[in-house]
Structures are given as structure tokens and as C-alpha cells.
Amino acid sequence: MTTLTTTRPAAGVTGAVKVYGSGDTAVRALDGVSVGFPAGRFTAIMGPSGSGKSTLMHCAAGLDTLSSGTAFIGDTELSTLDDRRLTLLRRDHVGFVFQAFNLIPTLTVAENITLPLDLAGTKGSPEWIDALIDVVGLRDRLHHRPAELSGGQQQRVAVARAFAGRPDIVFADEPTGNLDSRAGAEVLDLLGDAVRRTNRTVVMVTHDPVAAAHADEVVFLADGRLVDRMQAPTADKVLDRMKALDTKGAPS
Ligand SMILES: Nc1ncnc2c1ncn2[C@@H]1O[C@H](COP(=O)(O)OP(=O)(O)OP(=O)(O)O)[C@@H](O)[C@H]1O
Ligand SMILES: [Mg+2]
């Protein structure tokens, strides 16, 4: 399927296949996916549970490797990088919000946010971090630990951490999955602002048509394949498309 997008993708995969395990128990999580995530745009990935959304994000972000096909970030094909250069590329250009928040329970909010920078041995930009803390509304919680925060606050810490190193592209796996609608809307506004105000690229997995409607474009996966793309999504249009996918996948 072709798109009308003219900008060069910030990241993506071509002919992506990912097989977990081998023999009788092998699972083909990605079955020949080609998709680009346009620079400076907000893309949502949708599809039934098990359709390969997290796998696609992990492979596109260089957190996991494809069985075949290529993954690229900017001009760089990830399979050409050794571990050290892949780590540097991720550190300097990519942020990730995991499906589980993955906050470190023994660290404070402030320490969790700057963890990627501390691991990299840099201070980053103190002004950027400071502004980010206000954007996510966590200034009065900086010295709390994750267990002392609500689910929504924890997710906002995870979002702030993903943006801490001023990455070009942020991948977010169900960033609103555990949030009520108000906290979810705040996180979506954060992601949308990052795209529209600071020209970053955001790729987000979601099950929620309302969340997907915040994106510029939705790509739909089913059974490890890309089955559709929708520009300028609305919640109603996305819901209709998802219903069709679910019906098709359901046993009759
Ligand atoms: N480490 C793994 N080992 C074996 N199979 C896996 C592994 N990770 C994922 N899978 C399988 O690959 C398929 C795709 O999984 P993936 O996590 O990408 O789905 P998803 O679309 O993110 O689903 P959800 O919406 O439930 O998060 C599923 O069938 C899953 O069981
Ligand atoms: Mg998933």
C-alpha cells in the first residue's frame, strides 16, 4: 500500500520477519512488514492482541533484532551496527516508553528521569530536563519513589525519561494503557506537543481509538502483517476499522 507522505521516514522496517522460538512452537510475530514512520509526525500502531505491535516497536527501536528484513533509524541500517554503536545510536536518538513502566523502584522520580543520561555518563541539558519536569507535572513528586505514585504519575515519569536525552524519535508502547481518561489525555497531549512543538517523531502503540485519533496517521497490524494505514484518523473511523479486523480474525 502506498502513502502520500513525502518526508523521509525517521525510522522503519522493510520486509520485517520476526520468528520467536523454532520447530513446532515457532511463532511468526512479524510476517513481512514494511512500514516507515515519517519524521516530525505522530504515528499510532493498532491491531488485535498478539498481532505483533510490541515486536515491531522493539525491532524498529533496535531493542531486538529481526529474523530477516531490515530495520533503520534515519540513514542507518541497524544490522550494520555492532553492539557498541547500536547502544550509542539508541542513547543519542531514541527514547522508549515500555508497555510496563519499567521504573526502578529504588530510585526517586528525578533519578528515574535522568537514568538514561546517568548511565551514559552525561548530564544532558539541565534546562531541557527542568522544562520536561514541568511539562509532565511532576515537580512536587521529584523525591518520591515510584511505589508512592499513582499509575498515571508513574507513566508520566516513564514519558519524561523517554524524552530526557532529547531523542529524535520516541517509541511508546501503550503509554495510556493503565491510565484513566484524564491522565491518558495528558500523556497524549505531551506526545502530541513533542511532535508539533519540537518537531520530534513519535510512534505509539494503543488499543484505544480515542488515543489513536491524537496521531497524524494510524497503521494497522493483524497476524504480523501491515493491513492498512489511515491518515487524519478520527476515533469513529478507527473504531470501525478495528471492528472489521476483529471480526475477520475471530473464529466464525
Ligand atoms: N519472547 C517471546 N517468545 C515467544 N513468543 C513471543 C515472544 N514475544 C512475543 N511473542 C509472541 O509473538 C506474537 C506477537 O507478540 P507482541 O507482543 O508483538 O504482540 P502485541 O501486538 O504487542 O500484543 P498486545 O496487544 O497483547 O501487547 C504473540 O503471538 C506473542 O505470543
Ligand atoms: Mg504489546
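Four strands make an open sheet in the order β2-β1-β4-β5, with antiparallel pairing. Strands are DSSP runs of E with at least two residues, helices are runs of H or I with at least four, and both are numbered from the N terminus. Two strands pair if DSSP finds at least two bridges between them. At the edges stand β2 and β5 (76–77), each with a single partner strand, so one side of each is left without a neighbour in the sheet.

Before I go on, this is a predicted model: local features need pLDDT of at least 70, side-chain atom pairs count only at pLDDT 80 or more, and totals for chains, interfaces and linings use all residues. Residues are numbered from 1 along each chain as its sequence is written, while chains are lettered from A and ligands numbered from 1 in the order in which they are written.

Back to the antiparallel sheet. Strand β1 (residues 9–20) is joined to β2 by nine bridges, and the two run antiparallel. Within that pair, V13 stands opposite V35 in β2. Helix α1 lies across β1, β2 and β4 (68–73), and runs at about 120° to β1. For angles like this one, axes are lines fitted to C-alpha atoms, for helices over the stretch in contact, and the angle runs from 0 to 180 degrees between N-to-C directions.

Next, the ligand. Which residues are around ligand 1? They are Y20, G21, V27, A29, G47, S49, G50, S51, G52, K53, S54 and T55. A residue counts as near a molecule if its C-beta atom, placed from the backbone, lies within 6 Å of it. The elements that give two or more residues to this shell are β2 (27–38) and α1 (53–60). Helix α1 gives the most, with three residues. By class, the shell has three nonpolar, eight polar and one charged residues. In that scheme Ala, Val, Leu, Ile, Met, Phe, Trp, Tyr, Cys and Pro are nonpolar, Asp, Glu, Lys and Arg are charged, and the others, Gly among them, are polar.

Now the other sheet. Six strands form an open sheet in the order β6-β7-β8-β3-β9-β10, and here the pairing is mixed. Its edge strands are β6 (94–97) and β10 (225–231), each of which pairs on one side only. On average, neighbouring strands of this sheet are turned by 15° against each other, direction ignored.

I will walk across it from β6. Strands β6 and β7 pair in the parallel sense over four bridges, and the bridge partner of V97 in β7 is A172. Five bridges then join β7 (residues 169–173) to β8 (residues 201–205), again running parallel. In β8, T201 stands opposite I169, and V205 stands opposite D173.

Is β7 enclosed or open? Five of its five residues are buried, so β7 is largely enclosed by the rest of the structure. Buried means that 20 or more other C-beta atoms lie within 10 Å of the residue's own; exposed means 12 or fewer, and partly exposed is in between, with C-beta atoms placed from the backbone. In a regular strand the side chains alternate between the two faces of the sheet. From β7, I169, F171 and D173 point one way, V170 and A172 point the other way, and all are buried.

Further along, strand β3 (residues 42–46) is joined to β9 by four bridges, and they run parallel. The bridge partner of I45 in β9 is V219. Five of the six residues of β9 (residues 217–222) are buried, so β9 is largely enclosed by the rest of the structure. Six bridges join β9 to β10, and these two run antiparallel. Their hairpin has two residues between the strands, and D223 there takes a positive phi near 50°.

With 23 C-beta neighbours inside 10 Å, V94 counts as buried. V94 and I73 are 21 residues apart in sequence, yet 8.8 Å apart in space, C-alpha to C-alpha.

Last, two helices. The axes of α6 (residues 151–163) and α7 (residues 181–198) come within 10 Å and cross at roughly 10°. Angles under 35 degrees count as roughly parallel, over 145 as roughly antiparallel, 65 to 115 as roughly perpendicular and the rest as oblique. Helices α6 and α7 are therefore roughly parallel to each other. On the α6 side, G152, Q155, R156, V159 and F163 meet A183, V187, L190 and A194 in α7. Contact here means C-beta atoms, placed from the backbone, within 7 Å.

Key. Contact = placed C-beta atoms within 7 Å.
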